[in-house]
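This briefing concerns aromatic rings, charged groups placed over rings, and a pocket. Please examine the sequence and the structure before reading the points that follow.

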Amino acid sequence: MLKRTLDIVLSGLALLVLVPFLLPIALALRLTGEGEIFYLQERIGRYGRPFRIFKFATMLKDSPNLAGGDVTVGNDPRVLPLGQILRATKINELPQLWNILVGDMSIIGPRPLTPRIYAPFPDSYKKAIAPLRPGLSGIGSVEFRDEERLLSNADNRDNDYVELITPYKAALEEWYARNCSVTTDLRLIVLTVVAVLKPDFESTSSFLDLPPPPAELASRRKASA
């Protein structure tokens, strides 16, 4: 109840404060690219129920059906010019404040996944996160803020996502499910802000009991840095 109250208060206040900032972005999107303001996509929510997530439109309309599918990489040709800026600053995620206000999501929680990406995750992950609302940010979002860069040079993006990223991301989200609290959420809110302002900071040291990344993933990150 305290977590949900925090979600309502913070998302409501954020929407009120950010409206003057969001309206010019909406106008710019209407006048550029393909003229779309919002991108709505089905994601898996609490207890496996699907919901429609709101984002600012940053990619070509039919992006999920073009080369790359649900996986976006650095310098993805499907991303529109203004979209590059919105994605780099995470501003494209701000419309999800509405999803939080109406109860589809939480400020902090597991990443909201598309059905296609959700499917290969292990059953232990699906069971652990079932009672939780997906988050605007969370430990998975912070730790995989470099996901697009990691996959940009992959020979097989889908295979790398399933074999390299999915197991560690599942371990992180299961960790969050075990340690979910208002204190943890507040720390992750701070880490999210730091991650946006300083993408190269070492976030794993912020939680001493966080599962360490597998050796191959750590090696890939070092090579792509």
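A residue counts as buried when its relative accessible area is under 20%. The model discussed here is predicted. By that definition, both Trp 175 and Phe 207 are buried.

**Aromatic pairs**

- Six aromatic pairs are present in the structure.
- In one of them, the ring centres of Trp 175 and Phe 207 lie 4.9 Å apart and the ring planes meet at 65°, so this pair is edge-to-face; the cut-off for that class is an angle over 60 degrees.
- This pair connects distant parts of the chain, since Trp 175 belongs to helix α8 (residues 157–179) and Phe 207 to the loop between α9 (182–197) and α10 (215–224), 32 residues apart.
- A single aromatic cluster is formed by Phe 38, Phe 54 and Phe 56.

**Charges over rings**

- Lys 126 places its charged end over the ring of Tyr 118, 4.9 Å from the ring centre.
- The charged end of Lys 169 sits over the ring of Phe 144, at 5.2 Å from the centre of that ring.

**The second largest pocket**

- The second largest pocket contains about 190 Å³ of space.
- Its lining includes Phe 38, Phe 54 and Phe 56, which together form the aromatic cluster named above.
- Other residues of the lining include Leu 15, Val 19, Leu 94, Pro 95 and Trp 98.
- Helix α1 (2–31) and strand β2 (50–56) each supply at least two lining residues, and α1 gives the largest share, with five residues.
- The lining of this pocket comprises 11 nonpolar residues, no polar residues and no charged residues.

Definitions and conventions. Residues numbered from 1 in each chain as written. Predicted model: local features only at pLDDT ≥ 70, side-chain atom pairs only at ≥ 80, totals over all residues. Heavy atoms only, no water. Phe/Tyr/Trp six-rings, centres within 6.5 Å; stacked < 30°, edge-to-face > 60°. Helix = DSSP H or I, 4+ residues; strand = E, 2+ residues; numbered from the N terminus. Buried < 20%, exposed > 50% of the residue type's maximum accessible area, 1.4 Å probe, protein only. Lys NZ or Arg CZ within 6 Å of the ring centre and 35° of its normal. 1 Å grid on protein atoms, 1.4 Å probe; cavity = no way out; pocket = protein on both sides within 12 Å on 5 of 7 lines; lining within 4 Å. Points joined across faces, edges and corners; volume = space filled by probe spheres on them. Nonpolar A, V, L, I, M, F, W, Y, C, P; charged D, E, K, R; others polar.
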